[in-house]
Amino acid sequence: MQLEILASALAVVTVVSAAASTPGWRVLNGITGSFCLHNALLPGNKLMCIERPHTSPYPFINPNTNGTTSVLISIEPDAGFISYVLNPITYNAFCAGHSQAADGGIHVVGGDRQMSTPTHDASKQVDPSVTDSQSFLFNGIDRIRKYTPEASGGVGKWDESVQMTTPRWYPTVVTMGDGDWAFPHNLYPVAFQLPSGKVFLMVSNRTVLIDPKVDPQGSKEANTVEIASISHPDHAPWIYPHTPTSFLLPMKESTNYTAVVVVCGGNKNSTFFASADCLSLQPELPGAAWTPLPNMPNARLMPDATLLPDGTVLLTNGMGWGQAGGNAGDAQYAAAPVFKTDLYDPVSNKWSTLPYASTVARSYHSGALLLADASVITTGSEMANYLDFWGNPEAVGPTAAFAKYTGLGAKPDCYPSNENRSCTQPWELRIEQLTPPYLASGNARPVLLTIAAGTKFTYGSTVGIQLDPKGAPVKRITFVRYTTTTHSTNTDQRLIEPNLLFVNSTYAVFKIPPNGNIAPPGNWHIFGLSKDNVPSVAQVAIFGAWDRYICSCSCCPVRCVQGQ
């Protein structure tokens with residue numbers, strides 16, 4: 001019998017693993033091995049990363065991994081250290097789509113035709129017959145992969161046996177409410193599961209709702225209804241290579257879990273400069289229309305949005321000019337990295353720029369994720385050599401200013417990119433960590449006592465979690481789903497705030513959302529927040545349609561009964 005009560009089974013002693021107490025950015029010690037083009041966060045501060053196979057003019061073998069494109073990274077956020085182990089895949093997952101599965105595993109769908117051997121350039125290896133005895137990575141554009149983490153903390157296992165009838169490159173993948181998943185379009189369009197069960201999809205400037213319960217009747221698209229288009233005279237299409245980012249605003253039980261989609265950044269239409277525009281849409285509202293939000297303080301192409309446990313939204317990464325795209329080292333496509341850190345508050349509908357900037361440029365193929373300690377990490381970039389080409393982080397082009405800047409530090413021998421030892425390698429292998437202001441405010445943090453690994457919470461159930469009375473009193477609970485991200489696309493990410501049914505110094509009671517359309521199944525962070533909105537270190541539980549019980553104990557005024 002699954003009892004959703006934790007008080008009697010929780011540890012008495014709590015060890016808090018937290019980010020640095022000084023606000024701002026720091027580069028963690030160690031490297032990622034493979035650069036993190038595809039990111040998937042796993043419990044226990046594990047990060048699965050997949051990179052693109054290395055191609056000419058660089059050596060065909062990544063010396064850190066002997067060519068393996070997938071690694072599993074261990075993050076020690078308090079110590080500021082990372083390490084990696086190999087996590088090999090057989091079928092090329094470059095530019096695949098991915099999402100967290102209902103059981104906490106990771107689906108990785110599609111990929112690329114490139115094949116890797118130590119003796120052939122992967123960019124030319126598209127013919128399965130052209131291999132050698134040392135080939136180690138094969139055409140993966142039609143593969144569905146399932147990664148299952150190892151419960152004991154090991155590397156985990158890949159199942160790459162499933163082939164699709166239709167190849168997929170740059171697909172967006174969405175985990176739906178029933179645990180199934182869909183990949184509706186190429187070029188990483190904006191897509192989210194909605195509370196109604198429909199799937200939101202935005203391609204370029206057009207928006208549709210897809211009903212997975214309706215037969216599409218082939219090319220008739222009978223399950224698709226167009227609801228809103230963006231009319232914007234000076235914004236390029238809201239899709240790769242004019243890449244914006246997107247997210248759902250926090251969904252609250254108190255407002256019936258209303259879903260609001262936001263898109264930010266990308267390119268202007270009149271120039272190659274990045275756009276500061278943000279728009280929002282409540283897609284399930286009759287007559288829904290896109291509404292302008294305040295502009296971002298810093299225009300960004302290829303930005304990343306991270307939902308923070310207090311309900312604010314962090315905007316990091318990206319470039320100020322150009323477009324997404326290019327092979328490793330092709331830094332000419334985008335310029336002017338944006339190092340400033342912006343924060344959006346949905347309650348006040350205002351932006352602010354934090355008083356500290358990142359130090360690592362994050363261009364094409366970067367990512368950002370929230371950790372369980374409420375800090376944020378940024379990863380990746382395949383254009384770490386951008387200064388070799390541009391010579392100055394403020395350079396843009398092709399203009400007179402571009403010609404001027406190229407004489408101030410650019411390396412002519414490094415373009416086109418080559419193996420010259422004086423040239424910077426394009427793969428960014430560092431992770432940078434942000435300690436947000438709420439962790440350095442001097443205010444105490446709430447402390448949630450440890451939940452057993454693999455704990456499952458059932459939709460619609462009332463659950464309780466034990467608190468350490470030595471921590472700050474809990475005034476709010478928020479759930480943040482574990483995420484996967486690539487190309488500024490993160491369909492897994494959402495924050496839900498339940499109503500607090502009961503709370504004292506040792507116990508908090510709340511309800512899990514009623515279904516997977518609101519809270520897609522899988523791993524979720526559970527944060528407690530103080531009156532000052534300082535978050536605890538999160539505990540993790542798997543939300544899903546398990547046997548339902550509404551339970552409690554003598555420490556709070558709710559009796560234990562089987563749910564309906």
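Modeller: Happy to, and keep in mind that this is a predicted model. Let's take an open sheet of 3 strands, which run in the order β31-β36-β35 with antiparallel pairing. On the edges sit β31 (462-466) and β35 (500-503), each of which pairs on one side only. On average, neighbouring strands here are turned by 20° against each other, ignoring direction. As for what holds such an arrangement, strands of a sheet pair through backbone hydrogen bonds, whether parallel or antiparallel.

Now zoom in on β31 and β36, which pair in the antiparallel sense over 5 bridges. Look for Val463: its bridge partner in β36 is Phe510.

Phe479 belongs to strand β32 (residues 476-481), while Phe510 is in strand β36 (residues 507-511), so the pair ties together parts that are 31 residues apart in sequence. Are these two buried or exposed? Phe479 is buried, and Phe510 is too.

To put that in context, searching the whole structure turns up 15 aromatic pairs. Elsewhere, Trp169, Tyr170, Tyr188, Tyr240 and Tyr364 make up one aromatic cluster. There is also a charge over a ring: Arg143 lies over the face of Tyr91, 3.8 Å from the ring centre.

How values were computed. Residues numbered from 1 in each chain as written. Predicted model: local features only at pLDDT ≥ 70, side-chain atom pairs only at ≥ 80, totals over all residues. Heavy atoms only, no water. Phe/Tyr/Trp six-rings, centres within 6.5 Å; stacked < 30°, edge-to-face > 60°. Helix = DSSP H or I, 4+ residues; strand = E, 2+ residues; numbered from the N terminus. Buried < 20%, exposed > 50% of the residue type's maximum accessible area, 1.4 Å probe, protein only. Lys NZ or Arg CZ within 6 Å of the ring centre and 35° of its normal. Pairing = 2+ DSSP bridges. Axes fitted to C-alpha atoms, helices over the stretch in contact; angles between N-to-C directions.
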